[in-house]
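Here's a quick briefing to read with the model open beside you.

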Amino acid sequence: MTVNKNVTSSRFMKDSELFTTMKGKKYLSFTKDAKQIARKMSQQYAAKKKAFETANSSFAKTGSLDISRIANYKTSDAIFKTKMMQKEGQSHGLVLVIDWSGSMNGTIKYVACQLLITMLYAKYSGIPFEVYTFTSNSSGYGKSQKTQKTYGRNFLFYRIADNSFKEKDLVNLFGHMVAYDEKHNIQMSDYYNHYVREKLGNMGGTPLIQAQIASYISAHDLREKYKLQNVSIMFLTDGEGDNPYYKNDSIVDPISNREYFYKTENSASNTVLSAVNKMIRESGFKIFNILLTNQISVASTTKLYFREYHDAKLTSSQINSISHDVDEKYSKDGYSDLKNFMFYDNYIFMNTKLFPLEVTSENSTDATTIISSRMKNIKNISLVGTIINDILVQDFKIKK
């Protein structure tokens, strides 16, 4: 197994050739909009955090006399200096994990757009983050061995970015990911094509369970490094993974050595996923999966998963009702989510058709028109980032 844990921004310092090509210039335009969107999201995060801290502020006497109040000692006992006691908003960290399997070919450029906004948002907000890709067939750097007992065979897990990257480095990483996905449509130098493949690797299989275990270990490390209160793990995938654990009946927590049991009658991975997700959540982390799909309906998938893998026992009528509501929202908005599904905090169905690349109107220079166009499309342009932002600011809700 290959795990890249020592990534540095120097790996991606080479400027992306993508931005110099005619077909690639639209992506350079996108990066400018991405920065504006990320800053707006960061402002929302900061405002929610500040409001939470203000609402939870109190004053306490210090025990030291305030000389200016001595004259009032006969009528008031408020003659001591006070200090404000402020409850800090909870600190957050993000582990973002991207499916780098062959089936993601053609989708990665849209994932890269969402990822850029999310990385910039986290960086502007001071949220420590790490970004990983996972596959079963790739080449890369920073190789180190883990036991097959934990991960099985042929698993590759690469950290491609973190909060130490400068803004320019994150934009270059975005360009490299798009270039990789567009290599058959946009002509670039042979040297650059080799450079991108060398840095990002080749797409292979979908070892999702192993990736979840690896991300769990990474989340532990991130939480310990920055002394964080909340760490969220967010997966972006396009389908189920393989299951090297189907002959077993339990997963062992690599941190606490606690054993989590499951039952599986075939090679289906979902029962194992549920066990791993339970392990992750019981260790104090939040875990989410965004399933990228082009399906017209997700009702049949929802019903099947609920009957076999959900963490709550539901009646058929309850399952049908939930599946109907999820599918109705998906059909209307292009995305829908299930809470506590397979022990994910949220399992989110998302149609890949939601992801346009342009925010502004190319045919208009009028500021009002441009702003109106941006606000109309911002929901989809920054959908993944917006979902993550909404998840994080939930911790800043003010109790009435």
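Which residue takes a positive phi in the hairpin of β11 and β12? It's Met-342, with phi near 55 degrees, and the hairpin has 2 residues between its strands. Keep in mind that this is a predicted model. Strand β12 is a handy place to start: 8 of its 8 residues are buried.

**Around strand β12**

- Strand β12 covers residues 344-351 and is mostly covered.
- On the antiparallel side of things, β12 pairs with β11 (residues 335-341) over 6 bridges.
- To find your way in that pairing, look for Asp-337, whose bridge partner in β12 is Ile-348.
- Strand β12 also pairs with β10 (residues 286-293), this time in the parallel sense and over 6 bridges.

**Nonpolar cores**

- In general, nonpolar side chains of soluble globular proteins tend to be buried together.
- The largest nonpolar core in this model has 70 residues.
- Val-131, Phe-174, Met-177, Leu-200 and Met-350 have the most contacts inside that core.
- Helix α2 (residues 108-125) gives the most to this core, putting in 11 residues.
- Another core lies apart from it, with 40 residues that include Ile-209, Leu-222, Leu-273 and Ile-280.

**Largest cavity**

- The structure holds 2 cavities of 30 Å³ or more, and the largest has about 40 Å³ of space.
- Its lining is made up of Leu-96, Val-111, Gln-114, Leu-115, Thr-118, Leu-236, Val-384 and Ile-388.
- Helices α2 and α11 (383-393) are the elements that give two or more residues to this lining.
- Of these, α2 has the largest share of the lining of the largest cavity, at 4 residues.
- By class, the lining of the largest cavity splits into 6 nonpolar and 2 polar residues, with no charged ones.

**Second largest cavity**

- The second largest cavity also has about 40 Å³ of space.
- Lining the second largest cavity are Ala-179, Tyr-180, Lys-183, Tyr-192, Asn-193, Val-196 and Arg-197.
- Both α4 (167-181) and α5 (190-200) supply at least two residues of this lining, and the largest share, 4 residues, comes from α5.
- Charged residues do turn up in the lining of the second largest cavity: there are 2, along with 4 nonpolar and 1 polar.

Definitions and conventions
Residues numbered from 1 in each chain as written. Predicted model: local features only at pLDDT ≥ 70, side-chain atom pairs only at ≥ 80, totals over all residues. Heavy atoms only, no water. Buried < 20%, exposed > 50% of the residue type's maximum accessible area, 1.4 Å probe, protein only. Pairing = 2+ DSSP bridges. Core = buried A, V, L, I, M, F, W, Y, C linked by side-chain atoms within 4.5 Å. 1 Å grid on protein atoms, 1.4 Å probe; cavity = no way out; pocket = protein on both sides within 12 Å on 5 of 7 lines; lining within 4 Å. Points joined across faces, edges and corners; volume = space filled by probe spheres on them. Nonpolar A, V, L, I, M, F, W, Y, C, P; charged D, E, K, R; others polar.
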